[in-house]
Amino acid sequence: MKRDMVRILWGIIISTTMMVGLFYIFLIWNPLHIYNINLLRWVPVVICAAAMYISGRINKDVSPLLLPLLFIPYSIFSVFNFFYYPFFLILFFIGALAILAARIELTLRYKTMAIAGISVIFLFYLFSQPLIVEQEGFRREANGNFVNAAVLWDFTNQHLLTGNTCVL
């Protein structure tokens with residue numbers, strides 16, 4: 001039992017560190033120069049899946065009764081304004097799937113289904129919002145147009161790209 005609690009604590013520390021680090025990379029450093037990345041819901045999905053999978057791997061043979069403690073680091077999502085109804089239910093579902101994918105007692109079939117579920121949710125959120133990349137000299141004009149922005153995709157038909165200008 002003592003060994004299990006140490007592993008749970010280690011999993012909480014590692015997943016918290018991963019979440020904070022990945023939020024820093026995506027939202028503050030933003031190496032991809034994505035416009036309004038703090039509004040894109042695929043970011044917390046990726047962060048949640050990665051951190052909870054690693055935490056699940058650390059606790060792959062711990063009693064399933066202790067696994068809900070691994071969700072303690074989810075309080076970090078509220079700091080970055082991603083902990084709201086109903087999205088936090090999606091995050092809990094993704095976390096549960098990531099932990100399931102890391103369990104040793106599950107067969108490859110169930111692990112594959114868990115990873116496929118995470119992938120479908122990620123792809124849904126990735127393509128449900130426009131992805132706009134800021135290029136050299138990016139700015140937003142007073143009339144709402146983007147200058148030097150690359151719209152990688154926008155299936156909402158709210159943006160129109162003309163040359164290097166993106167018109168809202």
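This is a predicted model: local features need pLDDT of at least 70, side-chain atom pairs count only at pLDDT 80 or more; totals for chains, interfaces and linings use all residues.

I began with Ile-72, which I found in the loop between α2 and α3.

Next I turned to Ile-76, which lies in helix α3. I count Ile-76 as buried because its relative accessibility is 9%, where the cut-off for buried is under 20%. Setting aside residues up to four places away in sequence, I found Ile-76 touching Thr-16, Met-19, Val-20 and Phe-23. I also looked up its separation from Ile-90, which is 14 residues along the sequence and 15 Å in space from C-alpha to C-alpha.

I then went through helix α1, which runs over residues 2–29. Its 28 residues reach 39 Å from the first C-alpha to the last, close to the 40 Å expected at 1.5 Å a residue. Among the buried residues of α1 I listed Asp-4, Ile-8, Met-19, Phe-23 and Leu-27, and the cover over the buried residues of this helix includes α2 (42–58) and α3 (75–79). Just after α1, I noted that Asn-30 takes a positive phi of about 45°.

Last, I checked Lys-111, which sits in helix α5 (residues 108–128). Lys-111 is buried yet has no salt bridge, and the nearest side chain of opposite charge, that of Glu-105, is 7.9 Å away. Leaving out neighbours within four places in sequence, I recorded contacts of Lys-111 with Leu-100, Ala-101, Arg-103, Ile-104 and Leu-106.

Terms used: Residues are numbered from 1 along each chain as its sequence is written. Side-chain values use heavy atoms; hydrogens and water are left out. Helices (H or I, at least four residues) and strands (E, at least two) are DSSP runs, numbered from the N terminus. Buried means under 20% relative accessible area, exposed over 50%, partly exposed in between (1.4 Å probe, protein chains only). Lys and Arg count as positive and Asp and Glu as negative; His and the chain ends are not counted. A salt bridge is a side-chain nitrogen of Lys or Arg within 4 Å of a carboxyl oxygen of Asp or Glu. Contact means heavy atoms within 4.5 Å. The expected span of a helix is 1.5 Å times one less than its number of residues.
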